Amino acid sequence: MNHLYDALFGPHRENARDFLILPDGAPISFAAFVALAAQHAHALRAAGVNPGDRVALHLEKSPHMLAVIAGAIQAGIIFLPLNTAYTAAEVGYFVENSGARLLLCDPKSEAALSPVAPRVLTLAADGTGSFGDLVRGSAQSYPTETRGPDDLAAFLYTSGTTGRSKGAMLSHANLLSNAEVLVDYWLLGSGDVLLHALPIFHTHGLFVATNVALLAGCPMVFLPKFDLEQVIAWLPKSTVMMGVPTFYTRLLEDERLERDLVAGMRLFVSGSAPLLAETHRQWQARTGHVILERYGMTETNMNTSNPYDGERRAGTVGVALPGVEVRVCDADGAVLPAGQIGMVEVRGPNVFQGYWQMPEKTREELRETGFLITGDLGQFSGDGYLTIVGRGKDLVISGGFNVYPKEVEMALDDLPGVLESAVIGVPHPDLGEGVVAVVVPEASAALSEADLTEALAGQLARFKQPKRIVIRSELPRNTMGKVQKNLLRAELAGLFQAP
Ligand code: MLC
Ligand code: AMP
């Protein structure tokens, strides 16, 4: 038995229905996808990757990328999906830290990424490339490797408040238990069609959207990315969409969004970043649909959700999912009563296995009792609805991507002429929060925003780079010498707002 493979793919071996509906090609049936996954499993083995090894994926979203992931699960290989925006230096760290035996990348990234991994093979979105060649010659069935619930399935790298990324280890049971809960909770079924416009290198697009679709046997309209025109074209043919708040604000900006366009839709889910109550209300007024907001994180998959039947309360992330314990605590871990603000802690079969080869980091965040300290500040209502009121961790969420200020500050501080810097998130109409850096030059240095922006390019993934850099002679500090980011946030709050 293979805990995750048997549940997600096993039932579909003979399923001739469409699984992946593609905007520019013939659909791929469930059965054809299972066969494709087996070919990718063979290709991974042919490339020298064995059960228990790691494979790093820096690939454009495509059915082939999904098939590598499925093939890795079938072959008992741990996969690391990486954001394609990551630079070679960032990818190099993930490959080295994880000990990945193979890096798969798009042919156009091969030259840049070859120096950072022991072995690099290529796989384009259309299936061509050196790894694609191995796939094409392979058999369409693979003897599935045995894997139990506690075996590791994936590492997802998440940056940290210290600026060093950590590999969150997720087991087969972590992923499957959460997908099972979500299918039941959101009533996903084979009659649904899921509009999939998220990337598949993060929890939301992969472990929430894709895993629930596989488990429910529901087809996905598989778009390469969020493209407004494509989403508008496919909404009338879909029943469920999962997205980050930017999806909803971008759609609201378009006058074609009205009731008729979404008459066939059953469910809109939002997560990964706070959905403004205002967006929730505008969506309801324009479309008649009430967005269902849920809350999760890389280390836990999904923790809470607004109910399917029952009140979907704007500005809240709903109630604890079945089987998941969610509590709000003080700094010592004592549980606080409803109404009080404290640290959100989570325990359940969804909670990860720790950070790869970082036992101390794991101990800092995962209590011996099994509760994960999320770093999010929350408050329960008397009837069990959780509101995320802020973050105890220094983190900016831009368009659903996490940016850890420490990492950006370290890159800035290393630039010639920079004395120190503070990176913050301020309200951004499109991305929710926009990354802003406040930089103090050394006494004799003449720094400009344009020069600093250029110097950072290539060092950090594009989404981590500040959208604005403000030069100041000093940073506000409290009596302890700590930079008062709250003052900077208040002062620069209007930076991205229309005048
Ligand atoms: C793209 N850019 C971003 C960005 N996305 N900058 C900041 N933040 C982002 N999120 C950059 C591009 O490189 C480009 O730079 C410029 O901004 C404009 O790009 P765009 O064309 O407008 O962006 P687009 O490609 O449309 O992407 C925006 C987006 C995308 C919101 C559709 O970022 C996205 O799909 N986000 C989803 C993230 C996600 O899946 N999160 C889940 C994490 S899991 P330039 O300079 O080249 O013009 C998780 C757990 C949970 O959090 O609970 O789910
Ligand atoms: P990640 O590490 O990318 O998985 O991001 C997880 C973080 O995203 C959480 O710790 C929260 O801070 C944030 N998050 C996810 N969903 C929501 C939500 N619905 N509302 C507010 N914050 C959210």
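This is a predicted model: local features need pLDDT of at least 70, side-chain atom pairs count only at pLDDT 80 or more; totals for chains, interfaces and linings use all residues.
Domain bounds, as I use them today, come from an automatic or database domain assignment, and for this chain that assignment gives domain 1, residues 3-148, and domain 2, residues 395-491. Residues are numbered from 1 along each chain as its sequence is written, chains are lettered from A and ligands numbered from 1 in the order in which they are written, and side-chain values use heavy atoms, with hydrogens and water left out.

Let me begin with the two domains. Their C-alpha centres lie 36 Å apart, and five residues of domain 1 are in contact, meaning heavy atoms within 4.5 Å, with nine residues of domain 2. The area buried between them, that is, the accessible area (1.4 Å probe) that the two parts lose on being put together, summed over both, is about 440 Å², and carbon and sulfur atoms give 52% of that. On the domain 1 side, N83, T87 and E90 lose the most area to domain 2, together 68% of what that side buries.

Now to ligand 1. Counting a residue as near when one of its heavy atoms lies within 4 Å, 24 residues surround ligand 1, and the closest are R250, S272, R294, S398 and R462. For polar contacts with a ligand I take pairs of N or O atoms within 3.5 Å: an oxygen atom of ligand 1 is 2.7 Å from a side-chain N or O atom of R294, and a nitrogen atom of ligand 1 is 2.9 Å from a polar backbone atom of G400. By the Shrake-Rupley method with a 1.4 Å probe, the protein covers 73% of the 1000 Å² of accessible area that ligand 1 has on its own.

What, then, surrounds ligand 2? There are 15 residues around it, of which R294, T298, D376, K393 and N402 come nearest. Strand β13, residues 292-297, gives the most to this shell, with five residues; strands here are DSSP runs of E, at least two residues long, numbered from the N terminus. A backbone N or O atom of R294 lies 2.7 Å from a nitrogen atom of ligand 2, whereas N402 places a polar side-chain atom 2.8 Å from an oxygen atom of ligand 2. The protein covers 92% of the 500 Å² of accessible area that ligand 2 has on its own.

How values were computed:
A polar contact is a pair of N or O atoms within 3.5 Å; within protein, one must be able to donate a hydrogen and the other to accept it, and residues adjacent in sequence count only if both atoms are side-chain atoms. Helices (H or I, at least four residues) and strands (E, at least two) are DSSP runs, numbered from the N terminus.
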